Structures are given as structure tokens and as C-alpha cells.
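Hi,

Here is the structure I promised to pass on. Have a look through it, and then read my notes below.

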Amino acid sequence: MIFRQLFDPETSTYTYLIADPETKEAIFVDPVIEQVDRDWQLLQELGLTLRYCFETHIHADHITGTGKLREKTGCSGVAPKESGVVCADIGCSDGDRFTIGAITVEAIATPGHTHCDITYLVNGTHLLTGDSLFIRGCGRTDFQSGSAAALYDSITEKLFTLPDHIWVYPGHDYRGQTVSTIGEEKQYNPRLAGQSKTAFVELMGSLNLPNPKKIMEAVPANQHCGQKV
């Protein structure tokens with residue numbers, strides 16, 4: 001499997017490239033509009049054909065690059081079915097599977113950060129958690145129909161029941177961390193390790209975080225696959 005972790009420094013967003021080395025078919029997960037030229041160049045350098053762009057959720061901190069990549073490549077845009085993204089080619093739900101060559105990607109519904117988040121499990125080894133589970137943290141739950149109780153259930157009942165060795169690749173990191181494992185997060189994540197659901201909900205309700213700088217333009221644009229409205 002070809003696997004690349006790409007970074008947008010302005011929003012600390014990770015974009016992931018997954019590709020089958022035999023068929024040369026590829027997937028991008030959570031592309032960023034300002035990085036489309038970089039992503040396109042990487043496809044060209046590796047001789048890949050982009051089949052899908054996946055969204056983990058409707059982002060509030062950046063505008064997706066899916067629309068522009070679809071224009072360049074003819075790929076299909078995949079978004080959570082519950083997100084209501086009318087321009088998506090495919091609405092994705094819990095348990096859906098996508099295949100490129102020998103690679104299988106399974107969708108796991110993990111609502112909480114927003115009501116529609118999807119985590120993607122790649123070949124049973126690489127877990128792309130979007131804004132649900134971070135390295136030693138988790139996504140906020142105070143807007144976009146977020147729910148701390150739902151996020152706690154998503155992480156503890158779905159993600160933390162996966163094997164400990166599975167790699168965790170988050171949608172963001174603000175401290176320079178790149179990868180973790182399910183076992184590490186179960187043991188060391190300060191928001192979740194040993195925390196009751198009640199304590200977690202209270203903690204998330206007390207964060208008082210400022211809104212993302214781009215929320216007013218990003219959310220409506222991402223409802224239209226990156227086209228500003």
C-alpha cells in the first residue's frame with residue numbers, strides 16, 4: 001500500500017493519500033483547497049489515478065479541495081450521508097466499504113464532533129479518525145450539532161474496541177505529532193483514559209474554545225464541495 005500523510009500548516013490539517021501500487025488507483029482523505037496543486041503534483045509523480053476523495057465530516061476550519069480535484073481528475077466525491085452534502089457523488093454510511101485494487105476502506109460512523117463524522121479504517125491497519133479522536137485529545141463538540149456524549153460513545157464503543165496495534169492517524173495535530181495507536185490512546189489520552197462519560201461531558205462543556213477563523217466561509221463552502229457560496 002502507498003500511504004502518505006500530508007500537512008496544511010495554516011490549519012494544521014492532515015490530508016491522506018492511499019493508493020494501490022499495482023492498479024495505481026488512489027484515494028485522498030480530507031484534501032484542502034489551498035493544497036490541490038501539491039496533491040495533483042504528487043499524483044502525477046507517482047503515476048496514480050484518483051478514484052475517490054473522502055470527507056470525514058463537514059469541516060469548519062478549512063475549505064475542502066474535493067471539488068477542484070474532481071474537476072482535474074473526474075474522481076468521485078464521498079461525504080457522510082448524514083451531512084447533507086448535495087454535491088457529493090456518494091453518500092457514505094456506517095459499514096460501507098470501498099475498494100481500490102487490493103485495498104479496502106471501511107467506513108465507521110463516529111458522530112460527536114459533528115452529527116455526521118465518519119472514521120475510515122484502511123486495510124484493517126490504518127485508522128483515519130478525522131476530528132473524532134486526536135493524538136492525546138479529541139475534537140470539540142460545541143457546534144455543528146456536536147455532542148460530547150455521542151463522541152464518548154463513538155470513541156469508547158467503536159474505536160477503542162478495535163485491536164490495540166491499529167495505527168491512529170488524526171485529521172489535525174497542533175503539536176507536531178503524526179501517528180499513534182489505539183492502545184496508546186486508550187492508556188494515555190488525557191480526555192478519555194479512565195474517564196467516565198459524565199466526567200468527559202463535563203470537561204468538553206467547560207473548554208470555552210474560540211470559533212475556527214474560517215468557520216463562516218468554510219461550512220457553507222464545504223456543503224458545496226469547496227465552492228464558495
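Strands β7 and β8 (residues 103-109) pair in the antiparallel sense over 4 bridges; strands are DSSP runs of E with at least two residues, numbered from the N terminus, and two of them pair if DSSP finds at least two bridges between them. Across this pair, F98 stands opposite V105 in β8, and I100 stands opposite I103 in β8. The hairpin of β7 and β8 has 2 residues between the strands, and G101 takes a positive phi near 55 degrees there.

F98 and I100 make up the covered face of β7, while R97 and T99 make up the uncovered one. In a regular strand, side chains alternate between the two faces of the sheet.

A quick word on the source: this is a predicted model, where local features need pLDDT of at least 70 and side-chain atom pairs count only at pLDDT 80 or more, while totals for chains, interfaces and linings use all residues. Residues are numbered from 1 along each chain as its sequence is written, and side-chain values use heavy atoms, with hydrogens and water left out.

Both strands belong to an open sheet of 6 strands with mixed pairing, in the order β7-β8-β9-β10-β13-β14. β7 (97-100) and β14 (180-181) stand at the edges with a single partner strand each, so one side of each has no neighbour in the sheet.

Happy browsing!

Conventions: Buried means under 20% relative accessible area, exposed over 50%, partly exposed in between (1.4 Å probe, protein chains only).
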